[in-house]
Amino acid sequence: THFSFAGSALIYLRGPKFLIYVSGALSMWGDRMWHFAISVFLIELYGHNLLLTAVFGLVVAGSVLLLGALIGDWVDRNPRNKVAHASLFIQNISVTICSIVLMLVFSYKQWIEQIWDGWLTVVCYTVVIILADVANLASTALTIAIQRDWIVVITGYNRGHLAGMNATMRRIDQVTNILAPLAVGQVMTLASNVVGCGFILGWNLVSLIVEFIFLSRVYRIVPALSVKPMSEDGEDQLPYLERESEIKSVQGGLQLSETSEMTEENCNISLHLREITNLPLCLRRFKWLLSTCKDGWKAYYRQPVFLAGMGLAFLYTTVLGFDCITTGYAYTQGISGSLLSLLMGVSAITGLMGTVLFTKLRKVYGLVTTGVISSCLHLGCLLLCVVSVFAPGSPMDLSLLTPFMDSNSSVNEVPSGGLKQKNSYPLQGSSNQPLLPDRSSIHWTNNTLLFENVPSGTAPDSYVSIILLFLGVITARIGLWSFDLTVTQLLQENICESERGVVNGVQSSMNYLMDLLHFIMVISAPQPQHFGILVIISVLFITAGHTMYFMYARKAKRKHRPNT
């Protein structure tokens, strides 16, 4: 029995599932470290101001929003191994170059600031943000390819195995989400920012090689991955026409260049002609890109699971997560940094409980009902957050809801006045938006130093409100992650193979669009006194998302009934 156990363990370790888990873990770990580090670096570079971080957040969200469908279409049209390898290379090389640029900027900051009247620093910031954005786009492509397509093929379309793999990938994601920022944070604190960049650079290069080997092996082991269904004729004609036009334009160019050797006048004419022959190609390219985007969004809308996907996207418009907004708000309520990191750890555990709950519920009740139960659980827990807005100790100033006539009176009230002082204190000389969001939550730990100097005695009258808020946020993770996994699997099961990339690309765009809305929401109401309003708006968006899912579930159940 010992040998059989060792043998089966060896088979598992060599099998495609384990290889996917390891390469996924490496990829997520690198991503998380990088997201944390870039937000800290951008604050450090810009003199402890959140402006660059905000710009970075907007650029990242905007580019995925615009290019999501195109990325998905590219994933669909190319062989699986090429997509995975190209995404891997682009992502890791971008991060590597970006790390080198950051190391140079940190090492020679004074010198760089003097060149071109300080314009070189602007160039450096731009390069860093563009490279980080390219890395994020490549990471999106890799996630769509591996987690939405490869996994489905590897599990042989077995729903039970698929649910297990999805849940395991999500658990890996949860754990790396907590540990990776801690690891790189320790390196940066104990050593220096330059060493931090070097650590990320080294990690990326090692990770690139290991992931490349593992994914290539998976592709070899699972023959089904090399078979990709052809998309419909209409879709295939466009690239074909494009190739034809490219060949023609190249031939035209060659003919022109032969005649151009005669005289200089001819040379100018030929250049002009070449520009004309190229122009329609550029326009055709642009037109083709636009039509690809349009077709992608149409394909998304056509899906039977469209409402479920939209429901998931609506869950992104929320301040009720462990992003920098909630943590920033917690600081203004007298919660220490160490307690916050402890709460983040607890929230990761409840997230893991959600993944376990998902696999159990799916076995017993099936996928659609699991989503309904998760939705109810999520909404039930979030009611605690709504109650916290009106609980004792909440800084919510109801006079803010009326026109600003009573603005003076609100300053004189003890709780909000004290909090106002506490909130404006750390951000002297910086942008007047203390709770700016960004996809990584951690750069607020940077501001703990600023909060330590806050005069004591500015704690809220009662901690009931903040306790209820965090109790709601942490317990809601169970329902949230179970619901997220349900919708992910519904998308995997119900989208035909030739459209998997493009539909998931549009889903990413929708998620980022709703994330942008939450970004705008916070910029428009940055004070802690406004936080209660943001909580209520968040819960309304989440309720709308779950209502869409309920509508989908009702349709799905109706469709299912005649068959049974």
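Buried means under 20% relative accessible area, exposed means over 50%, and partly exposed is anything in between, taken with a 1.4 Å probe and protein chains only. This is a predicted model, in which local features need pLDDT of at least 70 and side-chain atom pairs count only at pLDDT 80 or more, while totals for chains, interfaces and linings use all residues. Residues are numbered from 1 along each chain as its sequence is written, and side-chain values use heavy atoms, with hydrogens and water left out.

**View 1. Ile144 in helix 6.**
Ile144 sits in helix 6 and counts as buried, because its relative accessibility is 4%. Contact here means heavy atoms within 4.5 Å. Setting aside neighbours within four places in sequence, Ile144 touches Val75, Asp149, Gly501, Asn504, Gly505 and Ser508. Take Gly505: 361 residues separate it from Ile144 along the chain, yet their C-alpha atoms are 7.1 Å apart.

**View 2. Helix 6 (residues 119-154) against helix 19 (residues 500-524).**
Helices (H or I, at least four residues) and strands (E, at least two) are DSSP runs, numbered from the N terminus. The axes of helix 6 and helix 19 come within 10 Å and cross at roughly 130°. Axes are lines fitted to C-alpha atoms, for helices over the stretch in contact, and the angles run from 0 to 180 degrees between N-to-C directions. Helix 6 and helix 19 are therefore oblique to each other; under 35 degrees would count as roughly parallel, over 145 as roughly antiparallel, 65 to 115 as roughly perpendicular, and the rest as oblique. The crossing of helix 6 with helix 19 is right-handed, the term for a near helix turned clockwise from the far one by less than a right angle, with anticlockwise being left-handed. On the helix 6 side the contact uses Asn136, Thr140, Ile144, Arg148, Asp149, Val152 and Val153, and helix 19 brings Arg500, Gly501, Asn504, Gly505, Ser508 and Tyr512. Sorted by class, that contact has 4 nonpolar, 6 polar and 3 charged residues. For the classes, Ala, Val, Leu, Ile, Met, Phe, Trp, Tyr, Cys and Pro are nonpolar, Asp, Glu, Lys and Arg are charged, and the others, Gly among them, are polar.

**View 3. Helix 6 against helix 7 (159-190).**
Helix 6 also crosses helix 7, at roughly 140° and with the axes coming within 9 Å. That makes helix 6 oblique to helix 7, and the crossing is again a right-handed one. Gln147, Ile151, Val152 and Ile154 of helix 6 meet Leu162, Met165, Asn166 and Met169 of helix 7. This contact divides into 6 nonpolar residues, 2 polar and no charged.

**View 4. Tyr157, in the loop between helix 6 and helix 7.**
Check the backbone at Tyr157: phi is near 60°, a positive value in a residue other than glycine. With 46% relative accessibility, Tyr157 counts as partly exposed.

**View 5. Thr168 in helix 7 and Ser347 in helix 13 (residues 337-365).**
Thr168 is partly exposed, at 22% relative accessibility. The C-alpha atoms of Thr168 and Leu352 are separated by 9.4 Å, although the two residues are 184 apart along the chain. Ser347, by contrast, is buried, with a relative accessible area of 4%. Beyond its neighbours within four places in sequence, Ser347 is in contact with Gln174, Phe322, Ile474 and Arg477.

**View 6. Helix 4 (residues 80-107) packed on helix 8 (residues 193-221).**
Here the angle is about 170° and the axes are 9 Å apart, which makes helix 4 roughly antiparallel to helix 8. The contact of helix 4 with helix 8 takes in 18 nonpolar, 10 polar and 2 charged residues.

**View 7. Met551 in helix 20 (residues 531-563).**
Met551 is partly exposed, at 46% relative accessibility. Its C-alpha atom is 8.5 Å from that of Ala308, 243 residues away along the chain.

**View 8. Helix 2 (residues 16-45), and the whole protein behind it.**
Helix 2 is mostly covered, with 24 of its 30 residues buried. Its end C-alpha atoms are 42 Å apart, which agrees with the 44 Å that 30 residues should span at 1.5 Å a residue; the expected span is 1.5 Å times one less than the number of residues. The protein as a whole has 20 helices and 0 strands, and 52% of its 564 residues count as buried. Of the contacts between residues at least 6 apart in sequence, 86% join residues at least 24 apart.
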